[in-house]
Amino acid sequence: MRDETPPSRPNRYLVRIAARDEEALRTVLKRGLDITSVEEAHAGAFRVRGIVTLEAIAQLADDGFEVLVNGPVRASSPVETTTFEEWSAAMMADLEAQLRER
Amino acid sequence: MPPAGYLSSAGIELVIEFINALFPEFTDRFELPEPSVKGEKIHGLRMRSGSDPRNGVLLIGGAHARELINPDLLVYLALRIGWSYKNNLELRFQVGPSDWLGGKRYTEREVEVLLEGLDIFIIPNVNPDGRTWVLDNYMTEWDWRKNRRDNQDGTFGVDLNRNYDVVFAEDIWSSDDPGSDLYHGPEPYSEPETRNVRWVLRQFPNIVGLLDVHSYWEAVLHPWGHAYNQTTDETMNFRNPAWDGRRGPGGGYREYIPEIDLQTYVDRGQKVRGGIAAVRFHQYQVGQPPGTLPTPTADTARDYAYSRFFVGRNTKIWAYTIETNQKGDFCPDDDDCPDNLRYGYSPRYSDARDVMEEVSSGLVRFMLSMVCVVREVGRGIGPGILGELADFRDVMLRSRRGRGWADLLERHNDELLGIVMGHPALRKEAEAILGDAAKVVIDGRRARPPVISARLSERIDGLADRVERRASEELRTAIQGLRRDLQSVVGMTAREAIGELLEPGDGSYPSTTNSDGDTAD
């Protein structure tokens, strides 16, 4: 069934957040953000990457975090899809070949 | 030519029907009790050959909508297993035209053990609405994670893998903001998709293994997700109200996990990792989410499944999450990389196929480790007698030493299974001894019950010698301990042996067999 709801999420942005120490890192991590990676930037400091809204960016900035905004999130290439008929035909051709190999 | 793209939710459903139609003699298609929030029926696949009791495993995928690889992976694996079993073929996973640069083969016998020694439940697409949403609106919504509940405040969706109940009330490592990607819902199990998974675990108490397939990070994760583990303070645990409100980050809270469970989790995780790495040498990390993932994780399917053992009198479920795929190494240059390819949720399908191949191998390895070695050895002596032995085991579990035996058996189950499967004569002798031991137990109810004879003890010793020659050092040590215990009960009846093993204070430990209890959900 098609979901007819129009996309309504606020824009999301790819960001890097600088956390100066472990306490700052914990503060970022417990905000329920969509975090994609955490790296140690240099001794004791961390670089957090995530996908977050403008509102969350503003809150982080208000709380004294440095936030580098890379740009809005969007897909730049469409997803590859297949139908059941194509999938099953391709799979069965592979499996039959495996059987013939034996 | 292999398939060229991801299946839709409807496509996944059709593949389940297709597999069931191809292999009706050893698969069942079952409908989950509740449709999705958008009213879609959700089906799973049950694979088992024969009807004798055995351990079950549950594989689930697609809880997070954007992780497109995993539902495809699970139906691909189901078809491959079924095909190999039906045609008596080895199961081979490789990424190139040949396996000279890596690959993993599971023998025909191992495929038989999978379907004749296990009850395999697969729910490939837990969150069909979310997947449909992502595929229908991919250019803007490729990163959608939740289901499609209308939260009635202009926001949509609940993060299904934060909707189980372990530390839900604590509201840590998830969000109570409906607009958040990590929104945990208004209450535990508020979502039909989550209740469906809980239903399977309640309905099929033989399930002893759960694997929840997610993306991405190349990791095999075991409990606990919400705090670092510790093995020394039993009182510091998710059930203890004295810790309520103090489990959050920075408070020094560590979640208790029995040491032997932790060792078993790590061992099994390493085996899964080995199964994956054999295909194309990708080395998945093994660990608990804190310290392995960027953030801890709370109230997940994995932690819920394991937690049930500690709350009700439920089967212990060895529960893992696999994070398939890389952590975004497809595009080395951050700024030029398309977002949807930078992250590992929906890679190019040619990359996804390689991921499916390697992870399928890891999942087979996981499932093999869940086959009960005692049931496998005793298949010839009949399910009725095995059932009697299981009852005896449950009584033994009231004693500390008995539990020690059971834990050791559990911990080394996989290694023992490998030894037994690789040596048919040894398996035959083990089966004969098991049959004789069963007689001591079953006839123990007679007026003149038999005793554990010196002859039986010698035969067990002889078998132990042969196993020890093939065993790891750790297993050898464990077997030697069991042999010492056995010596202390020679000449006793089964009942007297239990009396010998019981110590003051024994008798209140939760059984590893199922009863009707469950978590306080």
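H3(A) passes H2(B) in a right-handed crossing, a crossing being right-handed if the near helix is turned clockwise from the far one by less than a right angle, and left-handed if anticlockwise. Helices (H or I, at least four residues) and strands (E, at least two) are DSSP runs numbered from the N terminus.

From H3(A), Trp87(A), Met91(A), Met92(A), Leu95(A), Glu96(A), Gln98(A) and Leu99(A) meet Val75(B), Tyr76(B), Leu79(B), Arg80(B), Trp83(B) and Asn87(B) of H2(B), where contact means heavy atoms within 4.5 Å. By class, this contact has nine nonpolar, two polar and two charged residues. Ala, Val, Leu, Ile, Met, Phe, Trp, Tyr, Cys and Pro count as nonpolar, Asp, Glu, Lys and Arg as charged, and the others, Gly among them, as polar.

The model is predicted: local features need pLDDT of at least 70, side-chain atom pairs count only at pLDDT 80 or more, and totals for chains, interfaces and linings use all residues. Residues are numbered from 1 along each chain as its sequence is written, chains are lettered from A and ligands numbered from 1 in the order in which they are written, and side-chain values use heavy atoms, with hydrogens and water left out.

Over the whole interface, 49 residues from chain A and 65 residues from chain B take part in the contact. The two chains bury about 5000 Å² between them, 58% of it on carbon and sulfur atoms; buried area is the accessible area (1.4 Å probe) that two parts lose on being put together, summed over both. Of the area that chain A buries against chain B, 14% is supplied by Arg9(A), Phe84(A) and Trp87(A), more than any other three residues.

Three salt bridges are counted between chain A and chain B, each a side-chain nitrogen of Lys or Arg within 4 Å of a carboxyl oxygen of Asp or Glu. Over all chains the count comes to 41. Two salt bridges are tabulated below.

| Asp34(A) | Arg66(B) | 2.7 Å |

The peptide bond from Ser215(B) to Tyr216(B) is cis, with omega near 0 degrees, and Tyr216(B) is in the loop between strand E7 (207-215) and strand E8 (219-221). Another cis peptide bond runs from Pro223(B) to Trp224(B), with omega near -5 degrees; Trp224(B) is in the loop between E8 and strand E9 (229-230). Phe281(B), a residue other than glycine, has a positive phi near 70 degrees and lies in the loop between helix H7 (259-280) and strand E11 (285-287).
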